[in-house]
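My notes follow, in the order I looked things up.

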Amino acid sequence: MSGAQGSSAPSRAAQSSTADWSRAYGRRVLFTDLLVLIWVVFGVQIAWLGFDSNLATNTNDLRLNYTGISIIVILLWLGALAVFDTRGARVLGVGSTEYRLVADSSVRVFGILAIAAFLFHIELARGYVLIAFPVGILFLLLSRWMWRQWLVAQRRSGRYSAKVLLVGSPASVQHIAQELARTPQAGYRVLGATVSGGQVGTLPGSGVQSYGGFDDILTALEQSGADTVVITSADDLPPERVRELSWSLEPGKQHLVVAPSLTDIGGPRIHTRPVQGLPLIHVETPTYEGRKLWTKRAFDIVGSLLLIVLLSPVLALLAITVRVSSAGPVLFLQERVGLNGRPFRMVKFRSMAFDAEDRLQELSNLDRAAGNDVLFKMRDDPRVTPVGRFMRRFSLDELTQLFNVLSGSMSLVGPRPPLQREVERYEARVHRRFLVKPGVTGLWQVSGRSDLGWEDSVRLDLYYVENWSLVGDVIILWRTARAVVGSAGAY
């Protein structure tokens, strides 16, 4: 494999700054971890026991007080966070791995402390331990979350990201470039590409600058200032050349990533197993039955019942407002398609004029002329009443769907419930969304709401169907609350 081995000073500086940002960010996180642990551990000690409380032991040669124990706990906790690599560049800022490692390492510290207290006959105050560790974990996670919000904002501006050179066929380069551009918070910024065929110039349909073919990879790294090579397809790049490429990259400064031909697969379903130097990727097939499904149903029942009770005054007020503000019934019942393609009656507060259905065909023709062939969504729909517009802005008209959840026809989180006329226009692959119950909210709700196009709506719904989990449902519900309050709302 040929290409310039050296690099100019500006390129070195660019690569160095990109390589160093993760270490600088890690040091900032370390500092806040230390502040959190000092505040929590000593705060609990002072509130529960006082500053200089003596510690009871059954060993005459051992003299300890809680201040010393607090210092030991803080140092041990910091050490565990380091050993479990909770501040590693591969986990900081994206995914749930960082949070899981923080929780796991904290639990290990609790176990080590319990074992040490048993072996050395140290009688630790139960309140000191049982308050310090849960509170410590909570505030560690909160501080990491706050740092992540800052990092995401930086990455959306193009900073604090790996500088990527894509390597593969023009089609695979275009696909990976679009996926990475869709999620800038993941921290990969595409600067260029080298493609099979050796094309030079902007690749059609992607806007990515190509620097030539596979023999020009090292030169392209220097010219673009990239520090991460992402192989998007290996059909024209045999294993020997990939290995040679990895050897030619500068250790610690330049990185190699291989992107398999998999998209919309959740992390928990992917497992890597090396066999004789061959990294095999195991992808678990999604399941739609058994304990996991029963747990989701129990979560739906408890969650919907609790929300109905808490929101009952709001539901009553909305019902009265709809009734007195315009002619027509309070509730709007509409047939939608649910689990396994079976129809059900979805309940909503009426947000339109009573003759809205009669005027639908005329308006849908206008919307289809604007380029939307399946979904009917009009920003300034003349059929919506003033009260209905307010309810739609904050999704208040959908609160009655909690009764659908309680009855079992819907779930709190799931794909968008479609109309029968929409289903008739579906491609075969889109019917996979009927493998789970439709939801009051979902990825489509927290990723753009009414501004999403048809293809994005399908992609998000199918991603949820393939990768749903109870933890993911909780996260989507939290993001829904933020989207409803903080966005421009639905229409």
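**Phe110 and its partner.** I started with Phe110, which has 34% relative accessibility and so counts as partly exposed. Keep in mind that this is a predicted model. I then asked which ring Phe110 pairs with, and found Phe133, in an edge-to-face arrangement. I noted 5.3 Å centre to centre and 80° between the planes; planes over 60 degrees apart get the edge-to-face label. Phe133 comes out at 5% relative accessibility, so I put it down as buried.

Next I checked how α3 and α4 run relative to each other. Their axes come within 10 Å and cross at roughly 160°, taking α3 as residues 97-119 and α4 as residues 126-156. That makes α3 roughly antiparallel to α4, because angles over 145 degrees count that way. The crossing is right-handed.

I listed who touches whom. On the α3 side I have Glu98, Tyr99, Val102, Ser106, Val109, Phe110 and Leu113. Across from them in α4 are Val129, Phe133, Ile137, Leu140, Leu141, Arg144, Trp145 and Arg148. Sorted by class, that contact has 11 nonpolar, 1 polar and 3 charged residues.

I wanted to know how many aromatic pairs the structure holds, and the count is 11. Besides the Phe pair, I wrote down Trp147 and Trp150, also edge-to-face, at 5.6 Å centre to centre with 85° between the planes. Both Trp residues lie in helix α4, 3 residues apart, which is about one turn of the helix. Buried or partly exposed? Trp147, at 18% relative accessibility, counts as buried, since the cut-off is under 20%. Trp150, at 29%, counts as partly exposed. I also found that Trp147 and Trp150 belong to one aromatic cluster with Trp21, Tyr25 and Tyr160.

Last, I looked up positive phi values in residues other than glycine. Asn340 has phi near 60°, and I placed Asn340 in the loop between β11 (331-337) and β12 (343-349). Ser395 has phi near 55°. I found Ser395 in the loop between α10 (386-393) and α11 (401-407). Ser395 has a relative accessible area of 8%, so I marked it as buried.

Notes:
Residues are numbered from 1 along each chain as its sequence is written. This is a predicted model: local features need pLDDT of at least 70, side-chain atom pairs count only at pLDDT 80 or more; totals for chains, interfaces and linings use all residues. Side-chain values use heavy atoms; hydrogens and water are left out. Axes are lines fitted to C-alpha atoms, for helices over the stretch in contact, and angles run from 0 to 180 degrees between N-to-C directions. Helices (H or I, at least four residues) and strands (E, at least two) are DSSP runs, numbered from the N terminus. Angles under 35 degrees count as roughly parallel, over 145 as roughly antiparallel, 65 to 115 as roughly perpendicular and the rest as oblique. A crossing is left-handed if the near helix is turned anticlockwise from the far one by less than a right angle, and right-handed if clockwise. Contact means heavy atoms within 4.5 Å. Ala, Val, Leu, Ile, Met, Phe, Trp, Tyr, Cys and Pro count as nonpolar, Asp, Glu, Lys and Arg as charged, and the others, Gly among them, as polar. Rings of Phe, Tyr and Trp (its six-membered ring) pair if their centres lie within 6.5 Å; planes under 30 degrees apart count as stacked, over 60 as edge-to-face and the rest as tilted. Buried means under 20% relative accessible area, exposed over 50%, partly exposed in between (1.4 Å probe, protein chains only).
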